Amino acid sequence: MAIGQVLLSTAYLPPISYLKSCMTFDHIIIASKEHFIKQPFRNRCNIFGAIGPLSLVIPIQHKKRKECPIDEVMMANEEGWKKTHWRSITSAYGQSPFFEFYEEDFKSLFNSDETHLLSFNTSCLLLILKLLKLPLSISVSEEYD
């Protein structure tokens, strides 16, 4: 692991390529003031289901203004997406080896009352880094880079 820091966008259950970027440094800075734009990893992830790839998308509450900083983006929790995503994950991976060892940790994320996309994604990333035993620190940027 290299010494240094990297600035990354937030990501929902990030792909391996994102985690590989994280592992190259000892400190991760999440860009919290960038403008939310629809891109595949901020509020989307892909899992491998029984019939192939399945895209899970966190619905968001849209702001009236065009340029909304990512730290102000709210998840549309009233749509019940957490329950649906958790069901999809358990259906896809519930019978896989070792799932039972990680199930409660991930289940707690989907049972949380979190309303902000950035906080939820950061909690997901922290859990993944903990389970991978990667001693990386994370902070969020305070200004637009």
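Author: The axes of α3 and α4 come within 10 Å and cross at roughly 170°. This is a predicted model, in which local features need pLDDT of at least 70, side-chain atom pairs count only at pLDDT 80 or more, and totals for chains, interfaces and linings use all residues. Residues are numbered from 1 along each chain as its sequence is written, and side-chain values use heavy atoms, with hydrogens and water left out.

Reader: Why is α3 called roughly antiparallel to α4?

Author: Angles run from 0 to 180 degrees between N-to-C directions, with axes fitted to C-alpha atoms over the stretch in contact. Angles under 35 degrees count as roughly parallel, over 145 as roughly antiparallel, 65 to 115 as roughly perpendicular and the rest as oblique. The crossing angle is roughly 170°, which makes α3 roughly antiparallel to α4.

Reader: Which residues make the contact of α3 with α4?

Author: Contact means heavy atoms within 4.5 Å. Y102, D105, F106, L109 and F110 of α3 meet F120, S123, C124, L127, I128 and L131 of α4. By class there are nine nonpolar, one polar and one charged; Ala, Val, Leu, Ile, Met, Phe, Trp, Tyr, Cys and Pro count as nonpolar, Asp, Glu, Lys and Arg as charged, and the others, Gly among them, as polar.

Reader: What makes α2 and α3 roughly antiparallel?

Author: The axes of α2 (residues 81–93) and α3 (residues 99–110) also cross at roughly 170° and come within 10 Å. α2 and α3 are therefore roughly antiparallel to each other. In α2, W81, K82, H85, W86, I89, T90 and Y93 meet F99, E103, F106, K107, L109 and F110 in α3. This contact has eight nonpolar, two polar and three charged residues.

Reader: Why is the pair of Y12 and F120 called tilted?

Author: Rings of Phe, Tyr and Trp (its six-membered ring) pair if their centres lie within 6.5 Å; planes under 30 degrees apart count as stacked, over 60 as edge-to-face and the rest as tilted. Y12 and F120 are 6.0 Å apart centre to centre, with 40° between the planes, and the pair is tilted. Y12 lies in the loop between β1 (5–8) and α1, and F120 in helix α4, so the pair ties together parts that are 108 residues apart in sequence.

Notes:
Helices (H or I, at least four residues) and strands (E, at least two) are DSSP runs, numbered from the N terminus.
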